[in-house]
Amino acid sequence: MTNAELDRAQALITSIPDYPEPGVNFRDISPLLADGPAFTAVTEALIAPFLGRFDFVGGLEARGFLFAGAIAAMTGAGILPIRKAGKLPRPAAAVSYSLEYGTATIEAPAVLSPGDRVLLVDDILATGGTLTAAQALVRELGAEVVGSAVVLELTDLGGRAHTGDVHTVFAD
């Protein structure tokens, strides 16, 4: 991947003001996902610092699944789907976390063994609640979080203060 490829990929991310509510500036990555070369460049950039260091890719629902699948196919790693509560028939673990207006819970299936190494992947780092909960979930399952990677970090929302070090492809 080159800087030109990544610049083109970043230009495909669009902002939709006042969605899903007034004052929120939604980042739509759909155009990036629809562009094969851009999607490939971003996927390669997501995993570059972690190559050879993970056994599983933990994809956070829902758009993190898309990147986790691509990364797993590229590297031969397994996928750990991290789901919203109630979506798995037999979750092995669950972690609840605070949101701006309440709480949420994420769950994971019983696919990890103690000592497995997991790279967590999501599309956007905003306030950091979901990613921080995913880190705790992986640890609760006895596995090691080797890193966290996101396509886009919304720096003004301060999520990194909660998640610790996160590899980001783009920052806004």
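**Exercise 1.** Which residues of the largest nonpolar core touch the most other members?

*Solution.* Start with the ground rules. This is a predicted model, where local features need pLDDT of at least 70, side-chain atom pairs count only at pLDDT 80 or more, and totals for chains, interfaces and linings use all residues. Residues are numbered from 1 along each chain as its sequence is written, and side-chain values use heavy atoms, leaving out hydrogens and water.

Next, the term: a nonpolar core is a set of buried Ala, Val, Leu, Ile, Met, Phe, Trp, Tyr and Cys residues joined through side-chain atoms within 4.5 Å, with buried meaning under 20% relative accessible area (1.4 Å probe, protein chains only).

Now look inside: of the 30 residues in this core, L32, V42, L46, F54, F67, L119 and F170 touch the most other members.

**Exercise 2.** Work out how α1 and α3 are arranged.

*Solution.* Take the axes of α1 (residues 3–11) and α3 (residues 36–47), lines fitted to C-alpha atoms over the stretch in contact. They come within 9 Å and cross at roughly 110 degrees, on a scale from 0 to 180 degrees between N-to-C directions. The two helices are therefore roughly perpendicular (65 to 115 degrees). Who makes the contact (heavy atoms within 4.5 Å)? E5, L6, R8 and A9 of α1 meet P37, A38, A41, V42 and A45 of α3.

Technical notes: Helices (H or I, at least four residues) and strands (E, at least two) are DSSP runs, numbered from the N terminus. Angles under 35 degrees count as roughly parallel, over 145 as roughly antiparallel, 65 to 115 as roughly perpendicular and the rest as oblique. Contact means heavy atoms within 4.5 Å. Buried means under 20% relative accessible area, exposed over 50%, partly exposed in between (1.4 Å probe, protein chains only).
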